[in-house]
Structures are given as C-alpha cells and as structure tokens.
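Thanks for coming, everyone. Please take a look at the picture before I start.

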Amino acid sequence: MNAPLRLGIAGLGTVGIGVVKIVRLHAAMLAVRTGRDITITAVSARSRDKDRGVSLSAYAWEDDPVALAKRDDVDIYVELMGGTEGPAKASVEAAIAAGKDVVTANKAMLAIHGQSLAEAAEAAGVSLRYEAAVAGGIPVIKALSEGLAGNDITRIVGVMNGSCNYILTRMENAGLSYDEVFAEADALGYLEADPQLDVGGIDAAHKLAILSSIAFGTQVDFDGIELEGIERVSINDIRHADDMGFKIKLLGVAQRTGRGLEQRMMPCLVPASSPMGQLQGGTNMVAIEGDAVEQIVLRGPGAGEGPTASAVMGDVCDIARGTRLPVFGQPAAMLEHADRASSVLPAPYYLRMALADKPGALAKIATVLGDAGVSIDRMRQYEHSDSSAPVLIVTHKTTRADLDNAIGAMKSIDVLLSDPVVLRIEAV
Ligand code: NAP
Ligand code: HSE
C-alpha cells in the first residue's frame, strides 16, 4: 500500500460535508480501489462552532483557507467554498504554488480564471480537477476529456442548471407564474445565495464555458457566451409552446462554426417528446456530438450533497491512482483564443405576439415575414380579449438576422400591441 493521500478541505457546506461523509463511509473501499488510504487531515470554514451534523474533531482546523492550502500534511487541497475571487482563488493559487494537487467544484472561478489557474497548475506540475463544477454528479468532464478524446467534437447541448429546470417544469406542471415558482424555489433553498446566478443563466453559462474549452481546445471564454436568463419566460409561453408540441428549457449550446465558436445559454424550445423536453425538476442532461461517436447523452442529478461529493471523490480517486491530465484536455499553453461567433446558423423560431384585433392585421404580419424571407411553418390564433389577439407562429428555419428584420418591419405597421416574444427552437 502506498502512503496515505491526505486531503485538506476548505468549505464544509453542502458539498464539503458530503465529501467528509464519503471519505469516512467508504474508507476501505476507496483504499482498495486506489491502492492508498484517503484521509482528511485539516478543514476550514467560516464558522468553527457551527453544527454540521458530523464530528470534525479528528481534523486540524484552519480559520484561513490559504494556510490550509499550504500545510505540509495536505497532499490535495479541496476547495469547496465557492466564489470567483476572494479566498477560493487565493487559496487555490497558494495550493498550486505550494505544489499541491487541487480539486474544486467552483465553476464560477474556473469560468473566469480557468486559463491562468490551468497555466499555473501545469507549470507547477500539479493536477487541477473540477468534475463537480459541471452538471453535479454527471461525469461529463471525464467523458469529454477522456472517453471522447478521439473525437472532433462538433456540438454540445444541454440543460445544466437544475434550479432553472425545476422552475420551468414546476410552472408547467402546476400552471403557476414565474414569480410564484421563483418565490417557492427560494423558500425551499433551491436557489444560489444570489439567485440571479441561477435564473439569469450565469451559473449555467459558467458550466458551458468550461465544457467548450475542453471540447474545442479554446481558452475558457465566459464573456463570449450569448446569455439570457429565464426571468421573462411566462406561463403563457409555456402553455402555448406545449400546445405546439414543445417545452421551454434553459439550453446551453456550444458549436464550432465557419466563423468561430458559437456559445449561447438561453431559453429555447425543444420537442416535447425529446429526452431533453421530458427532463423534469433539478435533473441535468448534456448531449455531446463528435465525428466518430455521433452522439452521447448524459443525464443525472446536477446538484446536491451526494451527487456533487461523488464527483469530487472521482477526482480525488484519479489523483490517488496517479492519473495526470492537462486541466482542459490539452496543455493550457496550446489552448487557442476563441473567435466568437453569434448564432448565424438558421433555425426555426417560435414567435408570440399580441396583435391589434382589426381586419388585415394577421395578413400584414404574414406579408412582412414573407418579404423578409421568413417562411411560416405553423400559425395559431387564440381567443382574443378586448382588442388584442394572441397569435403564435412557428417559422421554418431562418436566420436570426432575417427574423430581426421582419420584427423591425412589423413594428412599423402599427398592428403589434407589444414586442413579440422570440424563442429559438433547437434540435436536440
Ligand atoms: P455552501 O453550502 O454555501 O458552503 C460553503 C462553505 O464554504 C461553508 O462551509 C462556508 O463556511 C465556507 N466558506 C465560505 N466562505 C469562506 C471563507 N471565506 N473562508 C472559509 N470558509 C468559507 O456551498 P456549497 O453548495 O457546498 O458549494 C460549494 C462549491 O461547490 C461552490 O463552488 C458551488 O458552486 C459548488 N457546487 C455546489 C453544488 C451544490 O449542489 N451545492 C453543485 C455543484 C457545484 P460556513 O459553513 O462556516 O459558513
Ligand atoms: N445552482 C446550481 C443548479 C447548483 O441549480 O444547477 C449546481 O451547480
């Protein structure tokens, strides 16, 4: 048996305590699987006195995560505090500088500082692993960087934020408004401390930025993501989309195009009968397409104590076994700057508009769309109230530019009572 592998864990919240529990519960099994005892020597959190449901008295305590990261009796620094800057980044940098391997679940930090941290880790010859940062318990980082390493990856598409999927499916199933379900999710503790990270699509975009880097050999480019959250998705859109055979999902898509790397995270329509359309609650799903494998689909819990700690422990076991990999699937120095491309590829779109209920209004809309080269696939008008007629249109594939031209022209013909809702329909 090799020398024990000693963990220093900073952050004893949902994920940190989950890791402590697995290390204890599965000590014998982990030792057999990795050939080493995996032990915890020291821990850190903000409050030393908090009751965390497990005894931590066997471990040394550090108030300062940076001090923990540098301890001589720590081999792997496990950062589970979160935050883009502050103690998370400072302590990870300190651990790398001290020659420690690092495991983190911190997608926000990696999406912003992934390149510099990867360069530092590779220069120091240490591992920086982060399976838990994307899609919780789903081993998507491993699938992409190891199992699919022989593929030219063409597209990644996925639902990567469980809270948003919970909100959208709860609205759909209970017929509740966004505001009602948001309040409910907040009260249940399903949302990040800053809920905007979830509902604004930022958390999911952090995850997409990390996956894109591995998939396309580019430096993590969070700012290059076209980003829109779910705050404007209405119960009407959920109902109408359902009527037309679609579900609304906060969908991340990354693909290489002739013009560069397209990355977007926004509410989209997907076929109701597709696996992505049927995804309920906090479950995540990521589809990866490659030239050789065609398509694989990974599905599982995107958050929570057990699933996220499971992913952290996968990384710890790899390090215990001596597995060494470049941080983003290839040496950080060889990752290219991504040329950013916006969504130029044609797609079908869903339009919802409130038209003035007067003769010829619908005909004028159809004419404007036709003049802009946008072809209508399906159209439905709902019972009108007062002077407003709700109309839904599903277009054939069109470019966003042609659609925007059509919408601009619609606004000048005086039949729209408000700006149309426009949602892309994604093939999944
Ligand atoms: P959490 O429950 O809020 O726990 C955070 C822990 O960090 C707490 O123990 C807190 O101490 C400690 N902490 C915060 N600031 C600190 C500081 N300045 N110094 C020392 N300790 C500090 O968070 P979590 O849900 O476990 O998430 C941890 C990380 O995992 C985050 O990066 C998150 O994005 C990521 N993640 C979480 C999930 C999930 O399902 N929860 C899933 C995937 C990834 P106190 O307890 O004393 O306040
Ligand atoms: N807020 C995140 C989610 C936690 O809902 O998916 C897991 O990263």
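How many aromatic pairs does the count come to? Three aromatic pairs. The rule takes rings of Phe, Tyr and Trp, the last by its six-membered ring, with centres within 6.5 Å; planes under 30 degrees apart are stacked, over 60 edge-to-face, and the rest tilted. Take Tyr-166 and Tyr-190. Their ring centres are 4.8 Å apart and their planes sit at 85 degrees, so this pair is edge-to-face. The pair links distant parts of the chain, 24 residues apart. Tyr-166 is in helix α7, and Tyr-190 is in the loop between α8 (178–187) and α9 (196–199). Helices here are DSSP runs of H or I with at least four residues, numbered from the N terminus.

A word on the ground rules. This is a predicted model, where local features need pLDDT of at least 70 and side-chain atom pairs need 80 or more, while totals for chains, interfaces and linings use all residues. Residues are numbered from 1 along each chain as written, chains are lettered from A and ligands numbered from 1 in written order, and side-chain values use heavy atoms, without hydrogens or water.

Now ligand 2. Around ligand 2 we find, among others, Lys-107, Ser-163, Asp-198 and Lys-207. To be near, a residue needs a heavy atom within 4 Å. Helices α7 (162–174) and α10 (202–216) each give at least two residues to this shell. By class, the shell has one nonpolar, four polar and five charged residues. Charged means Asp, Glu, Lys and Arg; nonpolar means Ala, Val, Leu, Ile, Met, Phe, Trp, Tyr, Cys and Pro; the others, Gly included, are polar.

Next, polar contacts: N or O atoms paired within 3.5 Å. Lys-107 has a polar side-chain atom 2.6 Å from an oxygen of ligand 2. For the side chain of Ser-163, the distance to a ligand 2 oxygen is 2.6 Å. For Lys-207, again through a polar side-chain atom, it is 2.8 Å. Alone, ligand 2 exposes 260 Å², and the protein buries 88% of that. Those areas use the Shrake-Rupley method with a 1.4 Å probe.

What about ligand 1? It has 23 residues around it, and the closest include Leu-12, Val-15 and Arg-52. One from Gly-13 lies 3.1 Å from an oxygen of ligand 1, and one from Arg-46 lies 3.0 Å from a ligand 1 oxygen. The side chain of Lys-107 has an N or O atom 3.2 Å from an oxygen of ligand 1. Alone, ligand 1 exposes 890 Å², with 80% buried by the protein.

Conventions. A polar contact is a pair of N or O atoms within 3.5 Å; within protein, one must be able to donate a hydrogen and the other to accept it, and residues adjacent in sequence count only if both atoms are side-chain atoms.
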